[in-house]
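Hi everyone, thanks for coming. Let me put the model up on the screen, and then I'll walk you through it.

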Amino acid sequence: MFKLNRYLHLSILSLILLSSGACADIYVIVSAGSEVQNLSKKQCIDIFMGRARKFDNGKKIEAFDQPKGSALREEFYTKLTGKSLAFINAYWARLFYTGRVQPPSDHLKSSEQIALEVARNPRAIAYVAEAQLSDQVQVVFTLNGNQ
Amino acid sequence: MSKTPLNLFFIAALAALPVCTKAEISTRFSGFGSIGALTTNTDELGFRRDFSDPSPSYSDEINFSSLSVLGLQANISLHDSFEFVGQLVLRDQPVQNSDTLIKIAALNWTPSEEIQFRLGRFSQPFYMLSDSRHIGFANLWTMPVQEFYAPVTNNFIDGAELSYKLELGDGFLMSSINGGTTLVSIEDSALGSQTLEIKNVLGINLEYHYGDIQARLSWNKSSGVSRWDEVDAAQAALEQITPLWPGAKDLSERLSLDENELKYVSAGVQYDNGRWLLIGEAGEIHSNSFILPGTRMAYLSLGYHIDLFTPYISYAITNSDEFYLESPPPPQVAPLVETLTENVKQGWDQRGFSVGLRWDFHFNMAFKFQWDYKSMDRQGLGIWFPNKEGIYPDKDVDAQVLSTRWDFIF
């Protein structure tokens, strides 16, 4: 009886953890054929905050954001930079509307479209959840769910 | 408007087109805007956001134009390294034409990670907010700190800029040099609306970014201001009385902008760790002109992020050179001299304390509310307009300003 109760407790706890999604990793991906192999957290911050314009191979970076209002977008920037999405948006407004730097493109409507774009475009970089990973993309940085 | 920079811009654009294929061209349209309102508790002076604000605010009036703006931007990316940027900004300003509406029309060439070259029309970054002060959503306050940014009325430079980025450990240094011509829109209480062209503008800017800290040093020099009819008339009158009063020659030179060189020097720092926000700047204008006198100004703002809210406080101070005459005019010309110099006697001697709140209620929108307390010394009221009769009070003045603003980007 005691063992059944313990297993029941563990099962309930696992269900709670899995359903919350709070610990899900976020993956920064490039095309499977891209020369980019691994990126550090600082390099990812530089790319998604507009401080890096080109990859080490000299090719222009085309970064893609999740759609506006996306929960994944907010979670990504909060975990990557430690700042709120409001801070990130105000930061980009200051840079973008002075005409110097463009923010990541957010015109794609879903994670699936983003993953397809990254798969076909050797200059693209984006972030997705585990469900969008495939052999057509490679992971260059993982943002752990518990960061 | 000076045509040369835009001509250069279009020549460069045509030269860039052959290296691009249709598949490489991408276009992005966006915009920003604000709807704001402000009021003040005094009729002795009229509040204005800066020297280009043509609509002063008095007590019992709610001003909706001074803080409202709409900006539309197009980014056209060509190839790996070329991008066109165009921006129109609609706001209340003394002169409305294509020259004053177009804020950006530039070709950006980024041949490497480190270098960017811009040609055409773009914002000149000689203060921390000088190139982003119209973008309410990007800034903390309902309006840029009046004591510091009131004299900043040039919205762009027509010319060229070269910038270079240097990695320094975990941070980077961005240095840039720019030069060209600019237009300054001024609304003067006595001399009316005026757009002046400044022919020779040179600026050097250094920015260092390290983690949550950003620091900036800027130096800017301007000369070759276009003639101002009302100033010309005053100078002609002073020339007439020079035989009677030798001091008229010195006064005439000091009324001029085109014969004087202006220098702007500033240092600023911003720290934002996602919880505490600190922004501060100090600057100095070097000038021998009474129209735009030598001035020292500074401000410090402190904010604290609490979820979607950022309450903040701010303190600012400005002090300009005092008006003086080399020698007193003789009685027979004293009334004329008094008339000619009545409004340039007002320098800028003001302190401001602000308390406000920013609410980021939506990822693309923010709402702000701010209360300002301004304390101004007699003969230091020049940032404000005179009363509705055109007269400055001959005393110290304290005033309050209430402002609110809804900012958005799209």
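Before going on, some housekeeping. This is a predicted model, where local features need pLDDT of at least 70 and side-chain atom pairs count only at pLDDT 80 or more, while totals for chains, interfaces and linings use all residues. Residues are numbered from 1 along each chain as its sequence is written, chains are lettered from A and ligands numbered from 1 in the order in which they are written, and side-chain values use heavy atoms, leaving out hydrogens and water.

On confidence, the model scores ipTM 0.86 and pTM 0.88.

You'll find B:Arg91 in strand β3 of chain B; helices (H or I, at least four residues) and strands (E, at least two) are DSSP runs, numbered from the N terminus. Leaving out residues up to four places away in sequence, B:Arg91 is in contact, meaning heavy atoms within 4.5 Å, with residues including B:Asp50, B:His134 and B:Asn155.

Now, the interface. How many residues does each chain bring to the contact? Chain A gives 28 and chain B gives 49. The buried area, that is, the accessible area (1.4 Å probe) that two parts lose on being put together, summed over both, is about 3,200 Å², with 45% of that from carbon and sulfur atoms. On the chain A side, A:Arg53, A:Tyr97 and A:Arg100 supply 26% of the area buried against chain B, more than any other three residues.

Three salt bridges cross this interface; the rule asks for a side-chain nitrogen of Lys or Arg within 4 Å of a carboxyl oxygen of Asp or Glu. A:Arg100 turns up again here, paired with B:Glu161 at 2.7 Å between the closest N and O atoms. Which element of chain A gives the largest share of the side that touches chain B? Helix α4 (residues 85-96), with eight residues.

One more spot that involves both chains is B:Ser81, in the loop between β2 (69-78) and β3 (82-91) of chain B. B:Ser81 counts as buried because its relative accessibility is 14%, and among the residues it touches are A:Lys54 and B:Trp109.

B:Lys165 pairs with B:Glu113, the closest N and O atoms being 3.0 Å apart. That pair links distant parts of the chain, 52 residues apart: B:Lys165 lies in strand β6 (residues 157-168), and B:Glu113 in the loop between β4 (102-109) and β5 (115-122) of chain B. Are these two buried or exposed? B:Lys165 is buried, at 5% relative accessible area, and so is B:Glu113, at 15%.

B:Glu207 and B:Arg216 also meet in a salt bridge, 2.5 Å from N to O. Here B:Glu207 is buried at 14%, and B:Arg216 is buried at 6%. Thanks, and I'm happy to go back to any of these views.

How values were computed. Buried means under 20% relative accessible area, exposed over 50%, partly exposed in between (1.4 Å probe, protein chains only).
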